[in-house]
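Hi everyone, thanks for coming.

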Amino acid sequence: MEAVLTHLRGAIERGEYGIGDKLPSEAELCRTLAVSRPVLREALRALQTMGLTVSRTGKGTFVVASAVEDPTFGDYAAGDLLEVRRHIEIPVAGYAARRRTPEDLDHLVHLLERMEQETDTTSWVALDTLFHLSVAQAARNPVFRRVIEEIRDALARQSAFLNELGGRREQSDREHRAIVEALTGGSEQDAVAAMSHHLDRVEHTLTDIMRAARPDRPIDGGTET
């Protein structure tokens with residue numbers, strides 16, 4: 001899938017497909033690239049997430065940009081999303097370490113165990129988003145949870161993107177476990193450090209994905225998420 005993504009992205013950035021052009025049909029691309037339709041569709045979703053294409057029902061996939069500026073997850077650019085997550089989720093983890101209840105911890109451990117056993121990406125992504133909402137809930141401030149609710153769709157899209165292209169699931173499970181262990185220990189400092197590390201790894205993985213797709217040029221402005 002990464003090879004297909006690199007090929008299609010390169011063709012767009014070299015101008016083989018200009019802005020407004022329609023990409024060949026899925027059937028034609030599958031034949032040309034000798035890949036299955038599920039693999040092709042993953043690559044097409046990644047192109048859309050990067051902001052290079054849009055998919056129009058019944059019409060096909062069209063090029064809307066010639067270069068990647070900043071990946072978009074739902075309504076939010078990747079850089080904006082990460083900035084908000086750092087300012088919200090890191091302090092939230094600290095508050096949660098001080099305010100969590102035994103019920104909060106039981107719920108988070110249950111979610112973590114389900115995530116570690118889950119094999120379906122879609123189901124895992126849903127649990128991932130619920131995990132972050134539950135940490136916000138444990139902070140005992142409804143405003144924090146409302147903010148996470150607002151970006152829930154973007155978090156899910158980002159999570160799916162990172163897992164499809166970056167294979168982050170097992171690493172993310174370990175990072176989530178570290179967060180839960182810090183909350184269980186009641187250490188605000190450890191919880192803040194664990195959430196900071198988690199978001200650092202999210203940023204690093206997205207940066208690697210973007211550079212792998214375009215190895216000849218760094219991400220514009222150094223934006224990483």
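Predicted model: local features only at pLDDT ≥ 70, side-chain atom pairs only at ≥ 80, totals over all residues.

Residues are numbered from 1 along each chain as its sequence is written, and side-chain values use heavy atoms, with hydrogens and water left out.

What's a pocket here? On a 1 Å grid over the protein atoms alone, it's an open set of points where a 1.4 Å probe fits, with protein on both sides within 12 Å along at least five of seven lines; lining residues have an atom within 4 Å of a point.

The largest pocket has a volume of about 370 Å³ (the space filled by probe spheres set on the points, which are joined across faces, edges and corners). It has 15 lining residues, and Arg-45, Thr-49, Phe-73, Arg-157 and Ala-160 are the closest to its centre. Which helix gives the most to this lining? That's helix 8, with 5 residues. Helices (H or I, at least four residues) and strands (E, at least two) are DSSP runs, numbered from the N terminus.

Now the second largest pocket, at about 210 Å³. Its lining also counts 15 residues, and Glu-26, Leu-44, Ser-55, Gly-60 and Thr-61 lie nearest the centre. Here the largest share comes from helix 3, with 3 residues. Helix 3 (37-49) also supplies at least two residues to the lining of the largest pocket.
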